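These are my notebook entries on one protein chain. I looked up a few places along it and wrote down what I found.

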Amino acid sequence: MRKINEIIVHCTATPAGRDVSAADIDLWHRRRGFRCIGYHYVVRLDGSIEQGRDENTVGAHCTGHNAASIGVVYVGGLDSHGLPDDTRTPAQRQALRTLLARLRSRHPDATIRSHRDFAAKACPCFDATREYADL
């Protein structure tokens, strides 16, 4: 098992209401030259959680932080004008919190962080570091 120090939350940067699957993201990432999907978990609009990469496999989601992190992405992040926005559905909010709590219980030394903490991006379009500080 890899040593996990961070759980990093992302968004797919897709418009509100447009659902995409782990298979869709896998295709996008392969087209960009990745071996497979870069995230470990995908939280869909209905709150369902799909497995991406196995947790024991290093992700491809946050430059400089992949070796010791788990990448979690929720579907959405853009408003109807293509601007960054917290578009999480109520089901996604609950599923993210449940998933992150489960991951923290398995990796108690890991901190939950926003992708934007490490990159000049709005991702995940809300402050995950602050929102999940209680987990």
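**Entry on alanine 13.** I looked up how open alanine 13 is: it counts as partly exposed, at 45% relative accessibility. The terms are set as follows: buried is under 20% relative accessible area, exposed is over 50%, and partly exposed is in between, with a 1.4 Å probe and protein chains only. I noted that the model is a predicted one, in which local features need pLDDT of at least 70, side-chain atom pairs count only at pLDDT 80 or more, and totals for chains, interfaces and linings use all residues. Residues are numbered from 1 along each chain as its sequence is written, and side-chain values use heavy atoms, with hydrogens and water left out.

Alanine 13 sits in the loop between S1 and strand S2 (14–15). Helices (H or I, at least four residues) and strands (E, at least two) are DSSP runs, numbered from the N terminus. Alanine 13 is not a glycine, yet its phi is positive, near 55°. I then looked for its contacts, where contact means heavy atoms within 4.5 Å. Not counting residues up to four places away in sequence, alanine 13 touches Gly76 and Leu78.

**Entry on helix H1.** Which residues of helix H1 (residues 22–31) are buried? I found Ala22, Ile25, Asp26 and His29. Seen down the axis of H1, these buried residues fall within an arc of 105°, so they line one face of the helix. The arc is that of the directions from the helix axis to the C-beta atoms. On the other side of H1, I found Ala23 and Arg31 exposed. The buried residues of H1 pack against S3, S4 and S5. After H1 comes glycine 33, with a positive phi near 100°.

**Entry on helix H2.** I counted 17 residues in helix H2 (residues 90–106), which reaches 25 Å from its first C-alpha to its last, close to the 24 Å expected at 1.5 Å a residue. The expected span is 1.5 Å times one less than the number of residues. The buried residues of H2 are Gln92, Ala95, Leu96, Leu99, Leu100, Leu103 and Arg104. Why do I say that they line one face of the helix? Down the axis of H2, its buried residues fall within an arc of 165°, so they line one face. Pro90 and Ser105, on the other side of H2, are exposed. I also looked up what covers the buried residues of H2, and the list includes strand S1 (6–11), strand S3 (41–43), strand S4 (49–51), strand S5 (69–74) and strand S7 (111–114).

**Entry on the loop between S4 and S5.** I looked up two residues here. Glycine 59 lies in the loop between S4 and S5 and counts as buried at 7% relative accessibility. Leaving aside neighbours within four places in sequence, glycine 59 is in contact with Gly38, His40, Arg53 and Asn66.

Histidine 65 is partly exposed, with a relative accessible area of 21%. With neighbours within four places in sequence left aside, histidine 65 is in contact with Glu6, Ile8 and Phe118. The C-alpha atoms of histidine 65 and arginine 104 are separated by 17 Å, at 39 residues apart along the chain.

**Entry on the loop between S7 and H3.** Proline 124 has its place in the loop between S7 and helix H3 (128–131). I checked the peptide bond from cysteine 123 to proline 124 and found it cis, with omega near 10°. Cysteine 125 is found in the loop between S7 and H3. Cysteine 125 is not a glycine, but its phi is positive, about 75°. Is cysteine 125 buried or exposed? Cysteine 125 is buried, with a relative accessible area of 14%.
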